[in-house]
Amino acid sequence: MALTEAAHLDEKGRYASADFGGYHLPSHADVPDIEVEVINAADENFGALGSRGGVGELSISGVAAAVSNAVYNATGKRIREVPITPDKLI
Amino acid sequence: MSDENRFDPNVTRRELMAGAVAAGVAASVPAGLAFADEAAPAAVPAVGGSAVEMGVKLIVNGQPHALSIDPRATLLDTLRETLSLTGTKKGCDHGQCGACTVHVNGERALSCLMLAAQCEGDQITTIEGIANGDELHPVQKAFIDHDGFQCGYCTSGQIMSAVALIKEGHATTEDEVRELMSGNLCRCGAYPNICKAVMDAQGKLAGSGI
């Protein structure tokens, strides 16, 4: 979502990136080691169970923002649309 | 609506589709070409029906099959629909995702991009054929040990690629595994654990000749 996956529409509203040839998912070679850190503290403001809800969906939301911050840190440009592709930085 | 037409909750989606197709075929299509081979088990009729059918002999997981198939049938559809070997998955059907990876004569192949008719007499190995009875193949075991999947849809393709990769002697470093397994997409993003599983299995299999 942060770097590669863009759903392009053509002028008639059809998806131009309708297969994996045009809609780029990260592959093995794109994904480095991932370290999972569990925040071992209850958050009762969020829900009665003390958990931050959801399993994958909520935790993945922050990734695009984190990548965007990293791009800002590296280049000084604040990009507010994902995916952050090189053309948006030039 | 008569009783026999009512929805039966015990019928699976696959049975329903096969039943509906069979009814359509019986009404409209002449019988397929006869194909007999004494060494092979009884011919299995093609699912889906075709005006023209052809005979093809496939050796799937060591078992010879004499099939009467639509000449346009892909190897993937033949495995899944005609032989009911549904462990091989249809992901994109475009050769872009790797979920349908099988071995043809020991080499990795995307079964969605091959016609079954191309594979006359070939040895085909699917995910169903790599375990030794109840004993899992070391790569299968490693995927479980390292939690190398989330939803599991890409897993049979990942495992078939990994088995071939190890057999070719390529899976020696993590970078090599990442590069050479990049034809197998995983939407859940289980790549790090898949990589660990392949490295682990490689360590166990190296030199064992499996």
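1. A nonpolar core is a set of buried Ala, Val, Leu, Ile, Met, Phe, Trp, Tyr and Cys residues joined through side-chain atoms within 4.5 Å. Buried means under 20% relative accessible area, exposed over 50%, and partly exposed in between, with a 1.4 Å probe and protein chains only. In the largest core there are 30 residues, and Val139(B) and Val198(B) have the most contacts inside it.

2. On the basis of the note: this is a predicted model, in which local features need pLDDT of at least 70 and side-chain atom pairs count only at pLDDT 80 or more, while totals for chains, interfaces and linings use all residues. Residues are numbered from 1 along each chain as its sequence is written, chains are lettered from A and ligands numbered from 1 in the order in which they are written, and side-chain values use heavy atoms, with hydrogens and water left out.

3. The largest share, 7 residues, is given by α6(B). Because domain 1 (3–129) and domain 2 (138–205) of chain B both give residues to this core, it lies between them; the domain bounds come from an automatic or database domain assignment.

4. Beyond its neighbours within four places in sequence, Val139(B) is in contact (heavy atoms within 4.5 Å) with Ile159(B), Ala162(B), Val163(B), Ile166(B), Ala201(B) and Leu205(B). Another core, of 16 residues, lies apart from the largest one and includes Leu79(B), Val104(B), Ala116(B) and Cys119(B).

5. A disulfide is a pair of cysteine sulfur atoms within 2.5 Å, and the count over all chains is 0. The sulfur of Cys100(B) has its closest cysteine sulfur in Cys112(B), at 3.7 Å, which is too far for a bond. Cys100(B) is buried at 3% relative accessible area, and Cys112(B) is buried at 8%.

6. Between chain A and chain B the count is 2 salt bridges, each a side-chain nitrogen of Lys or Arg within 4 Å of a carboxyl oxygen of Asp or Glu. One of them joins Arg178(B) to Asp33(A), with the closest N and O atoms 3.9 Å apart.

Terms used:
Helices (H or I, at least four residues) and strands (E, at least two) are DSSP runs, numbered from the N terminus.
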